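Subject: Structure handover

Hello,

Here is the structure I promised to pass on. Please open it first, then read my notes below.

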Amino acid sequence: MIEALDMLATVAFWIAALRIATPLIFGVIGELVCERAGVLNLGIEGIMTAGAMAGWMSVYFGADLWTGVVVAALVGASLGLLHALLTVVLGRSQHVTGIGITLFASSGSYFLYRMILPDVSSPPRIEPFQPVGWAWLEAIPFIGPILAGQTALTFLALALAAVVSFVLWKTPAGLAVRAVGENPAAAEAQGIDPTRVRILAVVAGSAIMAIGGAFLTMSAFNAFFFEMIAGRGWIALALVVFGSWMPGKAVLGAILFGAFDAFQVRLQQAMGGAIPHQIFLMLPYVLSIVALVVVSRRAAVPKALMIPYVKGQR
């Protein structure tokens with residue numbers, strides 16, 4: 001147990017924690033953009049699955065890695081557009097539509113995988129993104145080696161989080177998104193088109209989510225296999241609440257979950273077989289739920305979240 005606690009201060013532990021957190025950062029930032037505009041996107045799990053499959057498949061058939069990231073983002077954006085058309089334009093239930101998108105995207109990804117590669121018995125491999133390993137970065141005490149041990153997609157995730165935070169709080173476009181998520185009628189009175197803003201927010205957020213799925217097949221691993229998202233989309237949904245719909249806090253929540261997950265692996269190794277391994281597997285989720293309950297009481301929910309809006313309605 002003491003050895004496991006000592007690992008918390010090691011560079012290797014935090015490299016693993018940040019790597020685990022990266023797909024969650026993509027997911028939570030994408031979901032946050034949707035919800036700030038007033039749209040709950042429960043399709044995140046399926047969108048991440050589709051992004052994972054599409055990005056990996058494009059690289060497997062000859063595209064370079066960054067092209068695979070773009071393909072994943074485009075697939076995510078397409079599914080986001082479908083979600084937006086059903087929920088924003090037609091005013092359908094965001095809960096039902098989101099779950100439908102998840103089922104459609106997940107099942108469709110598995111179906112296409114089997115259609116394109118019907119005879120494979122084990123997942124084919126690709127050459128994934130490698131850790132950047134920049135010498136100048138490794139020279140920075142402690143934090144430098146942690147960052148140098150990450151791939152380019154982790155830097156992309158952190159950069160997107162910073163960009164989204166800046167856009168939401170420092171630009172007219174971000175103000176429009178937040179206004180539509182709080183009071184679309186008032187936003188419309190100021191000349192903002194709530195329907196357009198919500199559609200664009202859902203499309204952009206879904207594209208970001210899909211890159212989180214692509215990270216798993218093109219950076220964390222080098223293959224696509226069924227159920228690889230493993231509930232990360234649902235965790236991202238919880239982290240949006242944990243972060244009080246603030247990008248910085250949401251990213252910290254993702255890193256905290258990554259640390260919990262990395263710690264349970266090391267704690268499991270330290271304890272040997274004395275405790276059933278299922279206890280360790282559920283540990284990060286239990287800790288996340290506790291943290292969510294504590295923090296969510298102070299969370300300020302966007303007032304128009306999940307409320308359909310008809311243009312001209314007051």
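Helices here are DSSP runs of H or I with at least four residues, numbered from the N terminus.

Some ground rules. This is a predicted model: local features need pLDDT of at least 70, and side-chain atom pairs count only at pLDDT 80 or more, while totals for chains, interfaces and linings use all residues. Residues are numbered from 1 along each chain as its sequence is written, and side-chain values use heavy atoms, with hydrogens and water left out.

Buried means under 20% relative accessible area, exposed means over 50%, and partly exposed lies in between (1.4 Å probe, protein chains only). After α3 comes G62, with a positive phi near 115 degrees.

Now the aromatic pairs. Rings of Phe, Tyr and Trp (its six-membered ring) pair if their centres lie within 6.5 Å; planes under 30 degrees apart count as stacked, over 60 as edge-to-face and the rest as tilted. The count comes to 14 aromatic pairs. Take W56 and Y113. Their ring centres are 5.9 Å apart and their planes are at 40 degrees, so this pair is tilted. W56 lies in helix α3 (residues 44-60) and Y113 in helix α5 (residues 94-116), so the pair ties together parts that are 57 residues apart in sequence. W56 is buried, at 0% relative accessible area. Y113 is buried too, at 5%.

F221 and F225 form an edge-to-face pair, because their centres are 5.8 Å apart and their planes are at 70 degrees. F221 is partly exposed, at 37%. F225 is partly exposed, at 36%.

Ring pairs also link W56, Y60, F61, Y110, Y113, F224 and F226 into a cluster.

S106 sits in helix α5. It is buried, at 12% relative accessible area. A polar atom of its side chain lies 2.9 Å from the backbone oxygen of T102.

**Pockets**

A pocket is an open set of points on a 1 Å grid over the protein atoms alone, where a 1.4 Å probe fits, with protein on both sides within 12 Å along at least five of seven lines; lining residues have an atom within 4 Å of a point. A volume is the space filled by probe spheres set on the points.

The largest pocket has a volume of about 290 Å³. Of its 16 lining residues, the closest to its centre are I20, L216, F221, R232 and D261. Which element gives the largest share of this lining? It is α2, with five residues. The lining divides into 13 nonpolar, no polar and three charged residues. Ala, Val, Leu, Ile, Met, Phe, Trp, Tyr, Cys and Pro count as nonpolar, Asp, Glu, Lys and Arg as charged, and the others, Gly among them, as polar.

The second largest pocket has a volume of about 200 Å³. Its lining has eleven nonpolar, no polar and no charged residues. Among them are V33, V164, L200 and I208. The largest share, five residues, comes from α11.

Best wishes

Definitions and conventions. Helix = DSSP H or I, 4+ residues; strand = E, 2+ residues; numbered from the N terminus. Polar contact = N/O pair within 3.5 Å; in protein donor to acceptor, adjacent residues only side chain to side chain.
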